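Walk through this structure one boundary at a time.

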Amino acid sequence: MMSDAKPILQVRDLTVELRTAHAPRRVLDQVSLDVHANEVLGIIGESGSGKTVLSRALVNWVARPLEMTSGEILYRGEDLRKMPAQRMQSLRGRSIAYIGSDPTTALDPTLPIGHQIMEKLKSVEPGISNEAARKRVIHTLDAVRMPMAAKRFDDFPFQFSGGMMQRVMIVDALVTSPDLLVADNITQPLDVTVAAQILRLLKELQADYRTAILFVSSLLGMVHGIADNVLVLAGGKAVELQSVDGILTAPQHAYTRHLVREMPRIWEAAPEGRISAPAPQSDDREVILSVRDVSRVYATKDRSRLFGKQHVQAVRGVSFDVMKGDSLGIVGESGCGKSSLSRLLSRLEAPDTGEILFKGQNIATLKGRAMLKLRKGFQLLLQDPYNSIPSHMSIGRIIAEPLIIHGGLSKAEIRGKVAEVMSEVGLSSDLAGSLPVGLSAGQRQRVNIARAMVLEPELLILDETLSALDQVEQAKLLTLFERLQMRHGITYLYISHDLGMVRRVCNRVAVMYLGRIVELAGNETTFFDSGHPYTRALLSAVPAIEHRPYEASTYLLEGEPPNPINIPPGCSFRTRCPFAFDRCATVDPMLTARGKGDFAACHLAGGGMPASVAAAGTTFA
Amino acid sequence: MIFALDFFLRRMAQGLVIIVLVAMLIFTLLRVVPGDPVRTMLGPMASAEVAEQTAQKMGLRDPIPVQFAKYVGQVVTGDFGRSFVRSAQGASTGGSRGGATFDASNRAPVMGLILTAVPYSLLLAGLALGISLLISLPIGIAAGLKSGKWPDRLALYLSSIFVSLPNIWLALVLIFLVSVKGGLLPAIGYQNWTYAILPAFVLAIELSPVFIRSASVAVSSNMLEPYVAAGQIRGLSRARMILVHVLRNAMIPLLNVLGIQAIGLLLGSLFVIEYAFNYPGVGLLMINAVFQRDFPVIQAIAILACTLLVLVNILVDFAATNIDRRLQY
Ligand code: SF4
């Protein structure tokens, strides 16, 4: 079905085993695949499916305790496994390039990026002159739309953001015009709009350079955007190979069907996916948390002046109310100020101006006993379930700790409470006496939840709490949160970059950009009729297999947010806004109401942006 | 440029504070520990009355802060005072001559004493550093590259042996074997540069374990950095990754060790070793000054040693920020 020419890469029955003290375990089990010239083959699989091992095997990078035990990897008919090291070395870089998921550690941190790419170019193409090599690198930097390529040539890796660094790695890979590029999860650590930019870029470059790409990802939505054909990997086996559309419309293997069905949907109401019923709509609900015009500025060193200081405006005049029983999602990309806001809300830091009222009391000024009492009412859960749990205490003791600190309970009462909470969060009671070693990430997060829940909080702040967990575990915990909410009337504040999750569980959504809330609205409004171009841009960039109401061609952003040091007057989004007009440069739009309970900070919020494209409602499952 | 200026101004200011504190400490300690310098100056024959008179004349009975203020006033003009003990002719004068008065004008200026001794010490220290790097870099780098294999173990055994050799013992054994028995190298005193070889060797053996250890740790930890494996996948050879990238980056921790540990250790051992070899450097001057309660000499050497340490540290850190620009942030 592809060209009739011989494939450039043929993998035949490749088996990789993990050598352990016990029996060897197969990480890849007789995987075969073909890549033709100019083809983009997607490889999809969950974590642990062997996709990274496979992509590394293709550049002959399999190190102990992993070992290739059988099979062939033929590059234009020549077996990489039998190739002399010298030949492999020259093939790597020149003909087969590899880009990994962590661009920030791929280059020597102490040398300018341009020099390192040149170093590679010259070692792969020994004859090339310095002059020509430099020209070629800068030219390729231009091709990936690196702003000021010639200047950035001399910058060091740490001076680039993750997204820009991934562009640098793409340059490094493509500068030798290889005929095969292995892209191993390259968008994984990036923010959605940046990932979408990289994907679009890769697609364009693929057309220009006519490079075959092996695009490996765990997100079907991502592969969907670029690949011709998709290989589905499960438990080290290739279970299905089909065209992208085929996978979505007629998945053959049971695992693929499961994968397609479980793919989080944002716009199509998945049958059993939606968790949060819209919160009670009565107007007289109690305001549990009120954030009033809160700002936070950090001083950093200014390197252009002697002893100079710069002021990073992390949070700029944020105000919102959270009603009892609400689930508010705070979303935005890295650097938007959501983590700073989380630190303020959890009282790890005090705001420079403004106040944060929890049940009418200012949490910044309370001290001592009163603070301790109030503190019981709101609890923070962080992303990393590993560092926050002491490893030398029994699980029961860890959970009891907050009760002991707050005091006033007898031993028996504490024991009873701990047991109750443990069963509530789904930890079996015989775990109480054991140490936390050996707990899975999900169980650790449950311990954390239990530790917060013993205090019977009214507000839980979840700062990327579920980001480190896989899809299945995430879904289970979301169900748990929902149950806790129904039973105890807890209010949630989800701080997250995951729009899919927010769509599922939050009844209200606040979108942050450059330290401000640019839109604050109900779930439906946010996702179907948002009033701010940035919200639309985010939604246009989410990897999805659905028909979306916001086209990437209209909304997808270029570049990255400006740095929050010298924020120009006017609308802070105007440097990237596709709809910016004169007034945006001078008048800073305030958060204004556009409907009942919906606010947006844009001059066009009342109308003037293209209408959202109605969802066609195709379902694939 | 701005960075360099900012860096040096900042670090010099910090350094100055450290030096002043050290000076204060030494100054106070010297005056509170038992032992009256006037006794050593005038000898046991002088009457208590005369001793007291001399002490008062020299300001030794003023309150310590007053003495210190006077001293600082002198030092800023570059004058470290005159030795209590040594005469301008260079000979050390004991108290045995029994003179009734103490004449400050025929005592040697401290600065002059130090300046004559410094070149000898620099030669010795430089030679010691050179020899020790020559021994430890190849061993340390090999150990770092073959972490866990025989070069690593060899490095470990060798450093353990070096560490457990007391320097004074090693000095005596070497003097006996190489100089007295073998007649290969001169050992005591100084006539030409060959007299520095044996003491330098003893110092080098003492310095080497630190260098071997930090070189091997720096290299092996750099080898584990993701960019090394990634570089080979990008098409660069392993040899190139090691030569161009790993060794360069491993320099940073090495430089730090050089700046802090090595110079400190060197300064400490220099005193002992120079004494053992009767080598006419700053160390010998210091040891003798301590025995004789020669306050001005002790103070001056302590302050200058401290200044040297601070300066070396500043330079080393500056070099490190030039290898790894992230350190500038
Ligand atoms: S105010 Fe102007 S620049 Fe800002 S988001 Fe709206 S249209 Fe864009």
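In this predicted model, chain A puts 30 residues into its contact with chain B, and chain B puts in 27 residues. The size of an interface is often given as the accessible area lost when the parts come together. Between chain A and chain B, about 2,700 Å² is buried. Carbon and sulfur atoms give 59% of that area.

Two salt bridges cross between chain A and chain B. One pairs B:Arg234 with A:Asp172, with the closest N and O atoms 2.8 Å apart.

Which elements of chain A give two or more residues to the side that touches chain B? They are α2 (85-94), α3 (113-124) and α6 (162-174) of chain A. The most comes from α3(A), with six residues. Sorted by class, this side of chain A holds 14 nonpolar, eight polar and eight charged residues.

Next, stay within chain A. Its domain assignment lists domain 1 (1-95 + 181-263), domain 2 (104-175) and domain 3 (384-456). The C-alpha centres of domain 1 and domain 2 of chain A are 25 Å apart. Their contact draws 16 residues from domain 1 of chain A and 14 residues from domain 2 of chain A.

The area buried between these two domains of chain A is about 1,300 Å², and carbon and sulfur atoms give 66% of it. On the side of domain 1 of chain A, A:Arg94, A:Leu201 and A:Tyr209 lose the most area to domain 2 of chain A. Together they make up 35% of what that side buries.

One salt bridge is counted between domain 1 and domain 2 of chain A. A:Glu204 and A:Arg145 meet in a salt bridge through their side chains, at 3.2 Å from N to O. Four residue pairs in polar contact, both at pLDDT 80 or more, also span the interface of domain 1 and domain 2 of chain A. On the domain 1 side, α2 and α7 (192-209) of chain A each give two or more residues. The largest share, eight residues, comes from α7(A). That side has nine nonpolar, four polar and three charged residues.

Last comes the ligand. How many residues surround the ligand? There are 13, and the closest are A:Cys571, A:Cys577, A:Cys584, A:Cys602 and A:His603. The shell around the ligand has 10 nonpolar, two polar and one charged residues by class. Cys counts as nonpolar in this scheme.

Note on methods:
Residues are numbered from 1 along each chain as its sequence is written. Chains are lettered from A and ligands numbered from 1 in the order in which they are written. This is a predicted model: local features need pLDDT of at least 70, side-chain atom pairs count only at pLDDT 80 or more; totals for chains, interfaces and linings use all residues. Side-chain values use heavy atoms; hydrogens and water are left out. A residue is near a molecule or strand if one of its heavy atoms lies within 4 Å of it. Contact means heavy atoms within 4.5 Å. Buried area is the accessible area (1.4 Å probe) that two parts lose on being put together, summed over both. A salt bridge is a side-chain nitrogen of Lys or Arg within 4 Å of a carboxyl oxygen of Asp or Glu. Helices (H or I, at least four residues) and strands (E, at least two) are DSSP runs, numbered from the N terminus. Domain bounds come from an automatic or database domain assignment. A polar contact is a pair of N or O atoms within 3.5 Å; within protein, one must be able to donate a hydrogen and the other to accept it, and residues adjacent in sequence count only if both atoms are side-chain atoms.
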